[in-house]
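User: I should like to learn how to read the packing in a structure such as this one. Please take me through it feature by feature.

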Amino acid sequence: MLILSLTYLKGNDEADKHMEPHLAWVKEGYAKGWFLASGRKVPRTGGIIFARGDRAELEAYVAADPFTIHGVAAYDITEIALTTLTEGLEALKS
């Protein structure tokens, strides 16, 4: 599993200007089967996406995020080799 942690480099007003295309990008990540869960950080300083798939493909996909293209946010990608899961979260391992 991969955790995509994005941190805003610009203010929320600038993030809001690019939110609609960013959310379309997120929706496409779900359609591809890569994204498992996502949401905003609290306080609103960025977001988190739980993902699965090939790291190189996901890194290329992150580079195509409108937030990345317009310098709104930077991503930190952490790969986790999950060993223990609670019942119902088995999809995180695949």
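**Core and helices**

Analyst: The largest nonpolar core holds 20 residues, and those with the most contacts inside it are L4, Y8, W25, F35, F67 and Y75. A nonpolar core is a set of buried Ala, Val, Leu, Ile, Met, Phe, Trp, Tyr and Cys residues joined through side-chain atoms within 4.5 Å. Buried denotes under 20% relative accessible area, exposed over 50%, and partly exposed in between (1.4 Å probe, protein chains only). At least two residues of this core come from each of strand 1 (2-8), helix 2 (19-31), strand 3 (46-51), helix 3 (55-63) and strand 4 (73-79). Strand 1 gives the largest share, four residues. Helices (H or I, at least four residues) and strands (E, at least two) are DSSP runs, numbered from the N terminus.

This is a predicted model, in which local features need pLDDT of at least 70 and side-chain atom pairs count only at pLDDT 80 or more, while totals for chains, interfaces and linings use all residues. Residues are numbered from 1 along each chain as its sequence is written, and side-chain values use heavy atoms, with hydrogens and water left out.

User: How is a helix read, and which residues of helix 2 are buried?

Analyst: One begins with the length: the expected span is 1.5 Å times one less than the number of residues. For the 13 residues of helix 2 this gives 18 Å, and the end C-alpha atoms are 18 Å apart, which agrees. The buried residues of helix 2 are M19, H22, W25, V26 and G29. Seen down the axis, they fall within an arc of 120 degrees, so they line one face of helix 2. The arc is that of the directions from the helix axis to the C-beta atoms. E20, K27 and A31 are exposed residues on the face of helix 2 turned away from its buried side. Just after helix 2, G33 takes a positive phi of about 85 degrees.

User: What does H22 touch?

Analyst: Contact means heavy atoms within 4.5 Å. Not counting residues up to four places away in sequence, H22 touches L6, D65, P66, F67 and Y75. H22 is buried, at a relative accessible area of 7%, and its side chain makes a polar contact of 2.9 Å with that of D65. A polar contact is a pair of N or O atoms within 3.5 Å; within protein, one must be able to donate a hydrogen and the other to accept it, and residues adjacent in sequence count only if both atoms are side-chain atoms.

User: Which residues of helix 3 are buried, and what do they pack against?

Analyst: L58, Y61 and V62 are buried in helix 3. They cover an arc of only 100 degrees around the axis, which puts them on the same side of helix 3. The buried residues of helix 3 pack against strand 1, helix 2, strand 2 (35-40), strand 3, helix 4 (66-69) and strand 4. At the N-terminal end, D54 caps helix 3, with a side-chain oxygen 3.2 Å from the backbone nitrogen of A56.

User: Is V72 buried or exposed?

Analyst: V72 is buried, at 0% relative accessibility, and lies in the loop between helix 4 and strand 4. Not counting residues up to four places away in sequence, its contacts include Y8, A15, H18 and F67.
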